[in-house]
Amino acid sequence: MKISRRDLLRAALSGAAASALPRWAWAASAAPQLPVPPLFEPAPDGRVLLELRTGMHSFSPHLAASTWGISAPFLGPVVRLPTGRTARMEVRNGLGEPTSLHWHGLLVPSELDGGPHNPIAAGGVWQPELDIRQPPATAWFHPHLHQDAARQTYRGLAGMMILTDGGDRARGLPVTYGVDDLPLILQDRRFGPDGKDAYAPDVTDLLHGFQGNTLLVNGVIGPVARVPRGIVRLRLLNAANARNFDLAFSDGRAFAVIASDGGFLAKPVETRRIVIAPGERYELLVDFASGAAVELVTRPQARATSESGMGAMEGMVMPTPAGPAPLMRFEPDAARVAEIGTLPNTLDDPGAPDPSLSVRRRQFVFDEMTQANQPVVERISASGAAPEAGGMGDMAGMDHGAHTARPANSVGPALLPANSGLRMAMTGQAFALDRIDAEVRQGSHEIWEITSREMAHPFHIHGAHFRILSKDGMATRPEESGWKDVALIEKRAELLVRFAQPASRARPSMFHCHILEHEDLGMMGQYVTV
Ligand code: C2O
Ligand code: CU
Ligand code: CU
């Protein structure tokens with residue numbers, strides 16, 4: 001028996017509503033305070049110590065689980081680095097298995113970046129010295145081990161990084177960390193009916209990316225932040241494996257976007273809604289002067305599928321969103337007036353992108369194909385499963401016979417990307433550690449045309465930032481008009497990429513889909529500079 005790729009994707013789309021999000025009201029007494037990660041700054045000699053370790057973490061008073069973290073049981077500190085200086089990072093791996101730590105958003109040479117070519121052995125120490133020479137921005141760090149980034153990141157290895165030039169007070173921006181400058185790390189998590197927390201993707205999860213049934217901010221469910229009355233800066237990071245957040249406030253209030261992945265916008269951009277894809281960062285200014293409490297909500301996206309993409313193409317009805325789901329609540333403190341009361345008029349103008357700088361065009365396609373360019377389903381059939389109508393769950397439970405050795409601290413047997421028998425590709429070829437996909441001239445600009453086929457994919461590149469020239473046939477949205485390193489691409493985009501940093505042949509730089517399951521399945525390429 002054989003089912004077509006179309007049938008498989010259809011079954012996947014109509015499958016269990018793993019992403020249906022619960023609605024709840026905040027019971028003031030029960031809601032946890034928003035945890036503010038500790039702020040790490042370099043010692044006088046520039047040293048910053050990060051310890052990767054295992055731990056126990058409570059997502060809520062009733063949901064505790066064994067997790068991983070960075071100098072913490074779950075997630076990591078916020079590392080604030082001054083620009084124009086050298087940070088001497090020291091990463092100690094106490095996890096009992098290899099990992100790596102990638103500086104997502106930092107413009108550093110590939111030799112110093114923790115991609116799949118720079119693993120840290122169990123018990124090992126890695127000490128890259130990072131010269132921070134780029135505009136102020138919000139960046140982050142997470143594992144990038146070959147074929148195992150999704151599980152390791154989900155376990156809890158993610159932290160925010162703030163690059164600062166010390167000029168934010170002069171820019172008229174909030175600067176007090178944890179008070180009016182708040183990191184918000186957005187994630188989702190899947191808890192079983194028994195409250196068990198496990199990363200156990202099935203075929204559907206691999207095809208679409210693993211989405212949870214519960215939303216987290218800074219590692220907890222439904223926190224409350226007490227904020228001063230006035231303007232508060234929110235640094236948003238989407239550190240979820242696959243979920244796009246489509247954010248708004250419950251009272252529909254407007255807010256201003258001041259920065260994207262690579263740094264400030266020319267001026268604050270007022271909007272009432274912002275979509276943030278995995279890997280992306282945005283900085284917002286929100287006015288809490290009225291004193292009214294408000295919730296930050298996300299419109300549920302059934303999956304990372306574009307409305308105009310596969311669903312429409314297949315003539316199917318997308319699952320109906322159950323309404324906006326709350327992420328967290330803000331309660332302004334009547335007794336506390338914020339330092340900043342008005343929006344700045346201007347920020348740092350990145351200028352208009354100049355496509356004439358490009359010395360070359362390249363095309364890349366996000367390909368949901370197997371390595372041999374076969375439809376996904378043929379590989380599944382070949383491995384012995386008999387696909388049944390609506391039987392995606394059965395596939396997930398089938399014996400693949402090729403589970404790799406699992407460390408004791410990891411989750412139970414699951415269809416991990418690496419052992420699933422599935423492969424995804426960039427432009428027809430699944431990622432290979434020893435194949436160079438592009439040679440670019442260091443310091444040059446190129447226009448990269450990226451195409452998505454069946455669903456929207458967030459494109460990301462290491463060691464380089466880009467400007468969006470066009471995306472999905474529409475004018476660039478103002479909040480996406482600055483420097484970026486992730487762009488959610490529903491159909492097709494043209495990106496003007498500036499290759500700022502050296503990428504060596506021994507340790508090339510990556511570009512990939514930031515749905516981490518897709519990355520692990522091979523939707524990734526690598527470039528070197530010449
Ligand atoms: Cu945040 Cu290569 O990834
Ligand atoms: Cu990255
Ligand atoms: Cu993808």
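**Figure 1. A copper ion held by two histidines and a cysteine.** His457 (ND1), Cys513 (SG) and His518 (ND1) coordinate the copper ion (ligand 3) at 2.0 to 2.1 Å. Donors here are N, O and S atoms within 2.8 Å of the metal (3.2 Å for Na, K and Ca); water is not among the atoms, so sites may look incomplete. Along the sequence, the donor residues of this ion follow the spacing H-x55-C-x4-H. His457 sits in strand S26 and His518 in helix H7 (residues 516-521), a pair 61 residues apart that links distant parts of the chain. Helices (H or I, at least four residues) and strands (E, at least two) are DSSP runs, numbered from the N terminus. Both His457 and His518 are buried. Buried means under 20% relative accessible area, exposed over 50%, and partly exposed in between (1.4 Å probe, protein chains only).

The model is predicted: local features need pLDDT of at least 70, side-chain atom pairs count only at pLDDT 80 or more, and totals for chains, interfaces and linings use all residues. Residues are numbered from 1 along each chain as its sequence is written, chains are lettered from A and ligands numbered from 1 in the order in which they are written, and side-chain values use heavy atoms, with hydrogens and water left out.

**Figure 2. A copper ion between two histidines.** The copper ion (ligand 2) has His102 (NE2) and His460 (NE2) as its protein donors, 1.8 to 1.9 Å away. His102 belongs to strand S6 (residues 102-104) and His460 to strand S26 (residues 457-461); 358 residues separate the two, and the pair links distant parts of the chain. His102 is buried, as its relative accessible area is 1%. His460 also counts as buried, at 1% relative accessibility.

**Figure 3. Ile461 in the largest nonpolar core.** This core has 33 residues, and Trp448, Phe459, Ile461 and Tyr527 touch the most other members. A nonpolar core is a set of buried Ala, Val, Leu, Ile, Met, Phe, Trp, Tyr and Cys residues joined through side-chain atoms within 4.5 Å. Beyond four places in sequence, Ile461 is in contact with Trp448, Phe466, Asp485, Val497, Phe499, Met510, Phe511 and Tyr527. Contact means heavy atoms within 4.5 Å. A second, separate core has 31 residues, among them Val217, Leu236, Phe245 and Val294.

**Figure 4. Arg362, a buried arginine in strand S22.** Arg362 lies in strand S22. Arg362 counts as buried because its relative accessibility is 10%. Its side chain reaches the backbone oxygen of Glu439 at 2.6 Å. This is a polar contact: a pair of N or O atoms within 3.5 Å; within protein, one must be able to donate a hydrogen and the other to accept it, and residues adjacent in sequence count only if both atoms are side-chain atoms. Leaving aside neighbours within four places in sequence, Arg362 touches Ala438, Glu439, Val440, Glu446, Ile447, Trp448 and Glu449.

**Figure 5. Thr164 and its surroundings.** Thr164 is part of strand S10 (residues 159-164). Thr164 is partly exposed, with a relative accessible area of 22%. Not counting residues up to four places away in sequence, Thr164 touches Arg80, Leu81, Pro82, Thr83 and Pro136. Its side chain also reaches the backbone nitrogen of Gly166 at 3.1 Å.

**Figure 6. Two loop residues with positive phi.** Leu75, in the loop between strand S3 (63-70) and strand S4 (78-82), has a phi near 60°, positive in a residue other than glycine. Leu75 is buried, with a relative accessible area of 5%. Asp472 has a phi near 55° and lies in the loop between strand S27 (465-471) and strand S28 (486-489). Asp472 is buried too, at 15%.

**Figure 7. The whole chain and its confidence.** The protein chain has seven helices and 31 strands. Of its 530 residues, 60% are buried. The mean pLDDT is 86, and 82% of residues reach 70 or more. pLDDT is the predictor's confidence in each residue, from 0 to 100. Over residues 1-19 pLDDT stays under 50. Over residues 371-413 pLDDT is also below 50.
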